[in-house]
Amino acid sequence: MSHQTPAPFPVPAQGEPYLLTPGPLTTALSVKEAMLRDWGSWDIEFRDMTARLNTQLLAIAGADAEDYSCVPVQGSGSFAVEAMLGTFVPRDGKVLVLANGAYGLRAAETLRYLDRACTLIDKGDYMPPRGEEVAAALAADPAITHVVAIHCETSSGILNPLPEIADAVQAAGRKLLIDSMSAFGAVPVPLTFEAMVSSANKCIEGVPGFGFVIARKQALEAAKGNSHSLALDLHAQWAYMQKTGQWRFTPPTHVVAAFLEALRLHAEEGGVAARGARYAGNRDVMVAGMRALGFETLLDDRWLSPIIVTFFCPADPNFAFARFYELMKAKGFIIYPGKLTVVDSFRVGCIGRMDTHVMRRVVAAAAEALAEMGVVSAAPPSAALDERAKLAA
């Protein structure tokens, strides 16, 4: 099967703009249409849908059903992350959080809410945590029981070096918890984790409504009584689902139906490798085009993820992000504001039901928007580049 898209994807239904965001994202028409039927949450058909969902997600992860289980959980991705942290970290555990953006910091904040001991490696906005740093931190603190790593930090667009981090955690005999919210389904995940979390509305290209945790069965069995929450107790959700085939509380039935269609399309495209290749192609075309307009990426090429790319805002006094956003939206593209602490920026997503044909249109729209704003140069402030060079040194 060819992994190349032979022709442009159809435009979104009813003139909808493309969502150049890290999820929610632009979905296929057939994914939307899958939500047109109502399902009974206790009915045998829906229980079969849940079983198929879990089985197919394990297959995407390359996880053996003898050793791993998939546990879906209602709510947004942050609900699922909190469920993972609260379920697998015991009350007397200690967590090393690897942060280089908003989502690592959110994991640390969640642990503080849960009253779990936590220490932090914070790399700022520009650089990833490295395996040797993790190894050194674990050697220095034997009380650390778990490590939390963000696979793709979408606040900056960094694809973190997860394999070397996973190797360091495994070598130290600690347990790895992975937030692969924005990478699972397009980037392989090392199978040395205790648990890994992702969401329906990311690289599988479903719609928002639930997350899921893939975890070792031994870890799930040992997690009984850890959770701080009734609704976010993954052990209880897993045990109930094993016994009945049902979700404990009202499931997002329409979202599950849409997700199964998204899983079908994912397999039809060629799985993780093909989905990742399409997204990488989207990134390469879009980044080359934006750089040709004068924009600068926050990150060096080696750290650019195929998920989302952060650009510095131009220094030109005629540039205002709010105006640029509205112009891009009027041309059919919704982009994302920046989430950096030091410099002004914006982000352009590469994921969703889009291909390189669409990304060329994105670049053309950006060029038109700059012209309409009277922006002569898209180059960033020199201070932003100096800050990047200093922090990356």
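Guide: The protein chain is divided into domain 1 (18-25 + 271-392) and domain 2 (35-267), with bounds that come from an automatic or database domain assignment. This is a predicted model, in which local features need pLDDT of at least 70 and side-chain atom pairs count only at pLDDT 80 or more, while totals for chains, interfaces and linings use all residues. Residues are numbered from 1 along each chain as its sequence is written, and side-chain values use heavy atoms, with hydrogens and water left out.

Visitor: How do you know that domain 1 and domain 2 are in contact?
Guide: Contact means heavy atoms within 4.5 Å, and 35 residues of domain 1 meet that rule with 33 residues of domain 2. The C-alpha centres of the two domains lie 28 Å apart.

Visitor: What area do domain 1 and domain 2 bury between them?
Guide: The value is about 2,700 Å², 59% of it on carbon and sulfur atoms, where buried area is the accessible area (1.4 Å probe) that two parts lose on being put together, summed over both.

Visitor: Why is the pair E205 and R278 called a salt bridge?
Guide: The term requires a side-chain nitrogen of Lys or Arg within 4 Å of a carboxyl oxygen of Asp or Glu; the closest N and O atoms of E205 and R278 are 3.0 Å apart, so the pair qualifies. Across the interface of domain 1 and domain 2 the rule finds 2 salt bridges, and a search of the whole structure finds 16.

Visitor: Which elements supply the side of domain 1 that touches domain 2?
Guide: At least two residues each come from α10 (271-292), β11 (308-312) and α13 (382-392), helices (H or I, at least four residues) and strands (E, at least two) being DSSP runs numbered from the N terminus. The most is given by α10, with 6 residues.

Visitor: Which peptide bond is cis, and where is P24 placed?
Guide: The bond from G23 to P24 is cis, with omega near 5 degrees, and P24 sits in the loop between β1 (18-19) and α1 (29-33).

Visitor: What is the phi of D115?
Guide: D115 has a positive phi of about 60 degrees although it is not a glycine, and D115 belongs to the loop between α4 (102-113) and β4 (117-122).
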